[in-house]
Amino acid sequence: VSEVEQSRLLRALLDEAAIGITWAASDGRLVEANLSLCRLLGYERAELLERRYDEITHPEDQAREQVLFDRLLRGEIGSYALEKRYLGKGGHIVPVRVTSALTRVDDVLRLAIVEDLRQRGEGEVTLRAVLNAVPDGMVIIGERGIIESFSPSAERLFGYRSAEVVGQNVKMLMPPPYRDRHDAFVERYLDTGERRIIGMGRIVTGLRKDGGTFPMELSVGEAMVAGRRIFTGFIRDLTEREEAERRLDHLQQELMHVGRLSEMGQMGAVLAHELNQPLAALNNYLRAGTRMLEAMGVARSERIFEVMDKAGAQARRAGEIIRGLRQFVEKHETERRHEDVGKIVEEAIALALLGAKSGGIVVRIEMSEEQLSVFVDRIQIQQVVVNLVRNAVEAMAQSPEKRLTIATRRDGECVAVSVADTGPGLSADLADRLFTPYVTTKEKGMGIGLSICRQIVEAHGGRIRVESAPAGGARFLFTLPLSGQHAAIPDAAAGA
Amino acid sequence: MTPSPAKVFIVDDDDAVRDSLKLLLESYGMEVEDFSSAVDFARHYRPGGGDCLVLDQHLPMISGLDFLASPEGAGLEIPVILMTGRGDAAIRDRARALGASAYLEKPVSEERLLAAIARALGHASPI
């Protein structure tokens, strides 16, 4: 076989090899490349041979490879293997594994054997299909923070196409100030091995292509793949969940505010009544005393009458102050709107169970299928529901069976809302007095909660009562007039 | 001139309120008998024994209105003035339905109380 023939055979062999092969001259020019590499990068052979080795290497991988190449040149190592990225024709990124060595002919030639990392076999294809089906977004980055993989879910979450982000630094998905710190975070981890986020979930903010941000739960894992470190990030969009929580948080604050106001109001009303009695007596005594002095024949000009009158005026003044306080408390009209009972009750249940020690409780919610509209102050009615649910949860603390049933149903021209528990229940005697202030079954209770509930329900034209639940325990039930009725006589409750 | 002073019953559980009211009405020349509960009053009351009842709503054991609804209360043939510290429309309506001649909210002024008693006794003025 002639030398020419031998050369041609060798050439064919190289071209048909599944791996890419290239030689670069010491100045970086590519002097030879096989067909596989041309296909991999999308160049005609002639085009590729006009490029330099650093031109087909991703800029961010150049320095890393240069370090290894210098060691090769100095004879410190015989070869090196590196996972890196080439740039194909048009700039697309081609992840590859390069094994490099030196061959010396006339010049020093740099031999690079190139494996395409996009085809790692069927196992990976399956894995990718699985990962693509996960609703969470998945982003894989290399140890320099460069995005290597961007799942379809991630595309939906961030609004980027995979092609737009692969090869870019992952920090593009973060808003400032995280964006500017990420490289330092990764570097510090590589230096110290100190884990701040890897292996644990964390709630962070993501940056969409359109500039919008969204709350997300990020779980980061670390893996070694073919001797190379990668980080996997799983991303769950928290937009909806956070929104719900924020709303509940807001509601809870409103309720606490109303709660304080109501307790103050209730205490004010109790105080007003209690003080009214001695003031009324004082007034009566003063008037009776005055009349006794007259009956005794004391002259009206005596100063004693002036003193009695002044005392009476001050007693009446105190009475006016108390009357004012009571009117303020009672006429504290709140915002009433037409509301869907189901919606406000559901919201209140979520809120009540949010902070409650509701472990082990089976909650059953039976909502009327009919949409029931009431004209109410939403916050106040929710306060009633929260109060009843919390009481029920507390009542079942020691019960072996913990079932909480909350139901809404139409009851004539009213809607009835009930909260039933499987706690110890109430004695008939206590049930009668439970809605009056300062009556409580709790060791630490003020006994104010249920009296406020009654005040709120009655101010809305409804009734509240407690009965024994069919399954044992207590069932609290309150009614509210349906909107239609209320709309006809809008001032019915205000005038009461 | 009336041959004998009008006799008024007062039922109120607050000692000071009851005592001061008694003194005040007596200073207007009325004869007053007081009780701390409706049960107590019912036990002592005899038909023809008095002219008017001033009844507090908030009482121990049985409330003023519940007393009026009971057989003893319904059987009273004297006018009843109901007083309440925490009144609302429901109480007022029920008081009317049970035949109370007046409904007064505490604190009750001397003038209004005397006017209500005078009306109940069929007089134009209290004395």
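This is a predicted model: local features need pLDDT of at least 70, side-chain atom pairs count only at pLDDT 80 or more; totals for chains, interfaces and linings use all residues.
## Chain A

Among the contacts in chain A that have a separation of 6 or more, 54% are made by residues 24 or more positions apart.

## Where chain B and chain A touch

The contact between the two chains draws 19 residues from chain B and 14 residues from chain A, and the area buried between them is about 1,600 Å², of which 55% is given by carbon and sulfur atoms.

Across this interface one salt bridge is found, in which the side chains of A:R287 and B:E110 meet at 2.1 Å, N to O. Five residue pairs in polar contact are also found across the interface, both residues of each pair being at pLDDT 80 or more. On the side of chain B that touches chain A, the largest share, eight residues, comes from helix 1 of chain B, which covers residues 15-27. The residues on that side of chain B divide into nine nonpolar, three polar and seven charged.

## Helix 6 of chain B

B:E110, the chain B partner in the salt bridge with A:R287, belongs to helix 6 of chain B, which covers residues 110-120, and is buried there. Other buried residues of helix 6 include B:L113, B:L114, B:A116 and B:I117, and B:A118 and B:A120 are buried in this helix as well. After helix 6 of chain B comes B:G122, which has a positive phi, near 80°.

Technical notes
Residues are numbered from 1 along each chain as its sequence is written. Chains are lettered from A and ligands numbered from 1 in the order in which they are written. Side-chain values use heavy atoms; hydrogens and water are left out. Contact means heavy atoms within 4.5 Å. Buried area is the accessible area (1.4 Å probe) that two parts lose on being put together, summed over both. A salt bridge is a side-chain nitrogen of Lys or Arg within 4 Å of a carboxyl oxygen of Asp or Glu. A polar contact is a pair of N or O atoms within 3.5 Å; within protein, one must be able to donate a hydrogen and the other to accept it, and residues adjacent in sequence count only if both atoms are side-chain atoms. Helices (H or I, at least four residues) and strands (E, at least two) are DSSP runs, numbered from the N terminus. Ala, Val, Leu, Ile, Met, Phe, Trp, Tyr, Cys and Pro count as nonpolar, Asp, Glu, Lys and Arg as charged, and the others, Gly among them, as polar. Buried means under 20% relative accessible area, exposed over 50%, partly exposed in between (1.4 Å probe, protein chains only).
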